[in-house]
Structure formats: structure tokens, C-alpha cells
Amino acid sequence: MGQGYTRTDTINNIADGNIINAADFDAEYDAIESAFNSSTGHSHDGTSGEGGPVTVLGPAQDFVASTTEIKPKSNNTLDVGTTGLKFKDLYLAGTANLVNVTTTGDLTLTGAANNIVFDASDNALEFADNAKAAFGDATTPDLQIYHDGTDNYIESNAGELYIQGDGITLRSDTDTETYATMDKDGAVALYYDNSKKFETTDTGIAVTGSIALDGIHLDDNEKATFGDGDNPDLEIYHDGTDSIIENNTGELFIQGNNITLRSDTDTETFIAMDKDGAVELYHDNAKKFDTDADGVNVTGQIDVSTNVNLTSDGGIIKLGADEEVTLTHEHNVGVQAKAASGFELNLQTGDTSVESGNVLGKITFNAPDEAGGTDAILDGAAIEAVAEDTFASDNNTTALVFKTNTSGAATERMRIKGDGTIIMDTQVDIDNITIDGNTISSTDTNGSIVVAPNGTGDVQLDADTVRIGDNNANATITTNGTGDLILNTNAGSSSGSITIEDAANGNIALTPNGTGEVDITKVDIDGGAIDGTIIGANSAAAGTFVALEGTTVTASTSLTLASGATVTAILDEDDMSTNSDTAIATQQSIKAFVENTISGGSFGSGITSGGNITLNDDGNSSPNGFGLVFKEASATYTTTLNKTTPTANRTISLPNETGTVSTQAFANGAAVALAIALG
């Protein structure tokens with residue numbers, strides 16, 4: 001049992017309701033002081049022998065103690081220590097639940113091996129080496145931040161590590177150099193020794209300086225591009241099937257003293273190139289082509305599918321073991337072919353069985369399609385050797401075919417058959433002569449065609465009918481010079497006849513030139529007719545014509561007028577007073593009559609006469625007979641002078657003066673106007 005306190009007030013002077021004197025309390029106080037001596041103290045084991053347990057302390061009984069806890073009487077009313085009087089150490093073997101705790105001075109959190117201190121003088125929460133700020137519920141924290149004595153760590157063990165901010169900058173410990181900057185809606189930049197070397201852009205990245213890589217990986221169709229501008233000058237990429245180096249500007253140079261292109265397994269060489277040496281090309285790891293100081297060397301044959309270009313003027317291709325056959329380029333001309341003894345060009349087919357129509361050899365002349373705006377090559381012309389029949393030991397007939405181009409295709413124009421026959425497709429032009437099908441014509445303007453036999457030979461036309469002249473045009477047969485034109489039959493013998501026929505209802509005219517005459521030595525007209533009059537019938541009297549001037553026509557059917565009357569005479573009388581429907585007036589009679597009727601008159605823009613002009617009624621005019629009508633060429637209206645049928649001869653005389661002839665209405669109107677004017 002611990003040291004206790006025993007009350008001295010045995011007579012119960014110190015009791016509720018009593019007046020306590022100093023004497024009464026003095027002894028009691030001494031006993032308490034002795035019990036709570038500073039050296040021995042006082043303890044209470046909670047037994048009744050030492051009195052009831054002390055569970056409530058303080059002047060307001062605001063401190064409560066029990067077997068399980070010490071607590072204030074009411075929440076948040078008591079302080080443990082003060083700013084001037086502080087407790088020294090606090091030891092807890094449980095959980096400290098601190099709400100709104102404020103500390104002054106340093107605060108140390110002691111760990112099993114490493115401590116965490118809030119250093120008030122440094123205003124810093126300081127983690128000792130390997131003391132970690134850990135975050136997350138897992139046994140292994142999801143996030144840890146610590147220093148291991150050498151390095152600093154932000155360790156994310158689960159999920160993503162996000163560092164967020166509108167702008168983030170990583171800088172040196174002395175805040176003098178920038179490592180990286182990150183701007184919202186902008187670039188991410190990386191620095192070396194405070195100098196920017198890498199930066200993202202809206203189209204990719206920008207690098208200042210060179211790039212050193214241990215390796216680089218790009219997915220299919222992702223490209224490494226080089227050069228300025230929207231269209232990269234150089235691209236390197238893999239499209240999922242093939243690897244591509246695409247040069248879009250300038251030349252693509254691959255440089256090195258020695259360059260070798262090898263297979264992916266490094267077991268075969270494709271191309272080997274040595275500085276100051278040869279370039280070698282391989283097939284299946286066997287060298288087939290290499291260059292030397294003189295040119296090139298080829299091992300094996302040369303197969304060319306398009307062009308072989310010999311670019312130097314005068315360049316020579318030499319063939320044969322002794323180079324006895326040469327092909328030489330002649331500048332802007334062509335190729336000269338030369339052999340030691342004559343030159344033969346042999347075009348040979350590879351067909352083992354030649355059938356009719358097979359081409360044995362062909363020479364084609366080409367030209368570019370300039371009109372079409374393309375690089376296509378068109379066949380301009382061709383010469384072909386074509387089999388005319390199936391080849392056998394005793395039958396190898398061939399034809400030589402010549403073709404020219406029309407409408408973009410080579411078309412056969414001439415064929416020389418095996419028997420020497422020449423077949424033309426359309427026309428043949430020889431100088432100014434064109435042979436087109438069955439037509440021989442001249443291309444010279446107004447040119448002639450001369451068919452001239454040698455010596456006394458003849459020009460023989462073996463046809464039943466020979467036609468001359470263009471369609472619907474007159475045709476002329478003439479002699480060359482002053483010779484006569486002689487038509488003979490039966491090779492010039494006396495037998496046979498010459499017939500001149502016209503087309504349907506046509507005329508045949510024999511017209512001499514100038515004053516020449518048509519001389520007919522012997523005429524036999526069998527039952528013919530001239531203007532409807534029968535000629536011939538073995539009677540020389542019938543239908544005889546004599547000179548008409550001053551002579552009466554005696555044949556009653558000699559000439560029929562359109563009215564049906566027959567002309568019986570030609571009259572010559574100046575006054576033409578005879579009214580005859582069967583006589584024709586001579587030219588002299590008509591001229592004399594006109595001159596007498598209109599003496600000295602002439603008709604032109606007006607009528608001029610030296611005598612009277614008489615206008616006779618033709619009986620077919622208006623009721624007034626006839627009149628004079630005046631009208632200008634451009635006028636719309638006309639002026640007509642009509643007569644009224646007179647009952648006697650009338651004469652209208654014009655005075656010898658200049659004036660205007662007025663109508664009666666105009667005169668009456670003028671008189672009225674004059675009377676008004678005079679008042």
C-alpha cells in the first residue's frame with residue numbers, strides 16, 4: 001500500500017454546515033502536507049482504505065480520470081501546458097488522434113530507421129534519407145517520394161503519374177538553367193546546357209542540332225522526312241510490304257569510299273562500288289557486269305527490252321571476234337552499217353512452222369504522237385515479208401508488203417506477190433500522175449497526161465466503150481498541132497462504121513471555128529427529121545431549103561410558129577403596113593419601122609424625141625384608156641396622168657415660161673387663200 005493521508009478531525013468539526021476555525025483546519029492541513037510531502041508524495045491505489053479514488057480534478061472539476069481514460073469534463077476547454085509552461089516529452093503507446101494541431105518549433109516523427117522532421121527554423125518538412133512520403137492503400141504504396149542518400153525518387157507503382165499545370169518547367173537546383181518547358185496549348189521544349197535543342201510543333205517536332213540515336217523504330221507508313229516546305233524533299237518509310245526511299249527534290253546521293261548493297265542475310269552481294277575502281281553488278285552472287293578504265297565488261301549475254309543508247313557522236317558498236325562488222329552513229333543522220341565484205345541484214349522469224357499470213361520479218365518506221373500530247377510511239381510506216389502459203393521444202397512463196405499510217409494505224413498500201421504481181425491498196429502518185437483504183441489523173445494544175453508509145457507502136461484501149469470528159473461537162477478531142485483528126489474503124493480498114501450518139505433527146509452540134517465550114521462529102525439521112533420535117537425517104541425534093549432572104553419558102557411544112565401557123569414568106573417593107581400571120585419581117589423592116597415611128601428617139605433614163613410622141617390605146621387598159629405614170633426608183637407613191645375620152649381632138653399647150661402647172665383644186669384653194677389675205 002502506498003503512503004496515505006488520515007484525517008485528524010475526529011469530532012467532525014469539518015463538516016457540511018459547520019463553521020471551520022483555523023485551529024480546526026490547521027491540524028488537518030499539516031496532516032495533508034505530510035501525506036503529500038514533496039519527497040515522499042502521495043499515492044492512491046484506489047482501495048477504500050486510502051479513501052475514495054480521485055477521479056475529478058481542477059477548480060471546476062473540469063479534469064476527469066478513470067481506469068481507461070483521462071479527459072476534460074467538456075469538449076475543447078482545457079490546454080495541456082501553455083506557451084510559457086510546456087510539458088517536456090510525450091510518450092504514447094497507442095494512436096494519437098490530433099484535430100487542428102498547431103505546433104511551434106521543430107516536430108520530429110521518429111521512424112524505425114529514418115525520421116521525418118518539421119524544421120521550424122528552415123520552414124521545411126525534412127525527410128531523412130530513405131524516409132518516404134508514401135501514398136495509396138496498397139501494401140506497397142502506389143506512390144512514393146524519397147531520397148536514398150544519393151538520388152531522389154518519385155516512384156509510381158500503380159496507374160499513371162500525372163504532373164498537372166497550365167505551364168510546367170523543370171529547372172536546375174540553382175534555378176539558373178532550364179531542363180524542359182511545357183506550355184498548355186503550346187510546345188514542349190527540351191534544353192541542353194540551358195540551350196533549346198528539341199521542340200514540338202503543330203506539325204511534329206523541331207530539332208536544333210544533330211540527332212544521335214542508338215536505334216529508331218517507325219510503324220508501317222510512318223515516314224522519316226527531310227527538307228523544308230510542306231512537301232518533304234526526302235522520305236524514308238515502310239508501307240507494310242516494301243521499304244521505300246523517296247527523293248522528291250534534286251539528286252539522291254549515297255556517299256562512301258566503298259559501297260556494297262547486300263542481301264538481308266548478308267550472304268549475297270547485289271552491287272559493289274569501289275572508290276577509284278570498278279562498279280560491279282551481280283546475279284545470284286555471281287558477277288555479271290563491271291566497269292573498267294576502257295568501258296564495261298559483261299559476263300554472259302545482254303538482253304535489252306527497250307533501248308540501247310550510244311550517246312557519243314561517231315560511236316561504234318563492233319561485232320564479231322575480229323570486229324569485222326561495225327555499226328557507227330552518224331550525227332543527226334542515223335547509223336552506218338559496215339562489214340568486211342558487203343553487208344547483209346537478215347531478219348529471221350523464230351516460228352518453227354510457217355503458215356500462210358505469218359510475218360517472216362518486218363521493218364517499222366516510228367514517230368512520237370506529238371498531236372496527242374503524249375510520249376506514245378506510233379507506227380509511221382512498215383515493210384513486211386509475209387508468207388503466202390504454208391512453208392515446205394518446195395513451197396515457200398512470200399509477198400513483200402508496204403504499209404503507211406492513217407488514223408493512227410499502219411495500213412497496207414502495196415503488195416508485191418511472189419509471182420511479181422503488184423497490188424495497190426488505193427492510189428499511186430508518180431510525179432504529177434496519180435493512179436487511184438481504175439483512175440489515172442494528173443495532180444498538176446491544168447496538167448496533161450501523155451501516153452506515148454515507143455516508135456510506131458500504138459496506144460491500145462481494150463474496152464468496148466471509151467468515155468471522155470467529166471460528169472455533165474463538155475468533152476473535147478483535139479490533135480496536137482496542125483494534124484487532122486481521123487477516126488478509123490477495124491484497125492483502119494474500109495469495113496465498119498462510125499456512130500455518134502447523143503443522150504436522151506440531146507442534140508449533136510458540128511460547129512466550125514471562126515469562118516470555117518462543116519464540109520460533108522457524103523450524107524445519108526435515113527428517115528431523120530430536122531425541126532419536125534422529115535428528111536430523106538429517097539426524095540431529094542422533099543424538105544429542100546434555099547436562101548430565105550427575098551425568097552418565098554415553098555415547103556408548106558418548112559417552119560411552124562408557136563401559134564400553129566406556118567411561115568410562108570419573109571417580107572421586107574419599111575412601113576410594115578401588111579398584117580400577115582404567115583410572113584416574117586426582116587431585120588431591116590423592123591429597124592426602119594422603129595426609126596420612123598420614134599424619130600431620133602432614144603430610151604434611157606427618159607424619153608427624148610425630135611417629133612411627136614403618140615400613145616395609142618391598147619384596148620386593155622382602164623376605162624379611161626391609158627395614161628402616163630411617173631415614179632422614182634426610191635419613191636413609195638406614183639403620179640399618173642390619165643386622159644378622159646375626148647369627143648374631139650384636143651391640144652394642151654404649155655406657155656414659154658417657167659412655172660408650175662396646178663390642178664383646179666389647188667388653184668381654187670390658192671384663190672380662196674388670196675381673198676382671205678386681201679380681206
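## The second largest pocket

By class, the residues lining the second largest pocket comprise 13 nonpolar, 14 polar and six charged ones. Here Ala, Val, Leu, Ile, Met, Phe, Trp, Tyr, Cys and Pro count as nonpolar, Asp, Glu, Lys and Arg as charged, and the others, including Gly, as polar. The model is predicted: local features need pLDDT of at least 70 and side-chain atom pairs pLDDT 80 or more, whereas totals for chains, interfaces and linings use all residues. Residues are numbered from 1 along each chain as its sequence is written, and side-chain values use heavy atoms, without hydrogens and water.

This pocket has a volume of about 2100 Å³. Its lining has 33 residues, and V80, L90, L98, V101 and T102 lie nearest its centre. Strand β3 (residues 70-72) gives the most to this lining, with three residues. A pocket is an open set of points on a 1 Å grid over the protein atoms alone, where a 1.4 Å probe fits, with protein on both sides within 12 Å along at least five of seven lines; lining residues have an atom within 4 Å of a point.

## The largest pocket

The largest pocket has a volume of about 3800 Å³. Of the 50 residues that line it, I468, A475, T476, I477 and L487 lie nearest its centre. The lining contains 22 nonpolar, 20 polar and eight charged residues.

Strand β8 (residues 143-147) has a covered face, formed by Q144 and Y146, and an uncovered face, formed by L143, I145 and H147. Strands are DSSP runs of E with at least two residues, numbered from the N terminus.

Strand β7 (residues 133-135) runs antiparallel to β8 and is joined to it by three bridges; two strands pair if DSSP finds at least two bridges between them. F135 stands opposite L143. Strand β9 (residues 152-156) also pairs with β8 in the antiparallel sense, over five bridges, and N152 is the bridge partner of H147. The hairpin of β8 and β9 has four residues between the strands, and G149 in the turn has a positive phi of about 100 degrees.

## Aromatic rings

One aromatic pair is found in the whole structure. Y146 and Y153 form this stacked pair, with 4.9 Å centre to centre and 15 degrees between the planes. Ring centres must lie within 6.5 Å to pair, and planes under 30 degrees apart count as stacked.

Y146 is buried, at 13% relative accessible area, and Y153 is partly exposed, at 30%; buried means under 20%, exposed over 50% and partly exposed in between (1.4 Å probe, protein chains only). The charged end of K132 sits over the ring of Y146, 4.4 Å from its centre. For Lys, this requires NZ within 6 Å of the ring centre and within 35 degrees of the ring normal.

Definitions and conventions:
Grid points are joined across faces, edges and corners, and a volume is the space filled by probe spheres set on the points. Rings of Phe, Tyr and Trp (its six-membered ring) pair if their centres lie within 6.5 Å; planes under 30 degrees apart count as stacked, over 60 as edge-to-face and the rest as tilted.
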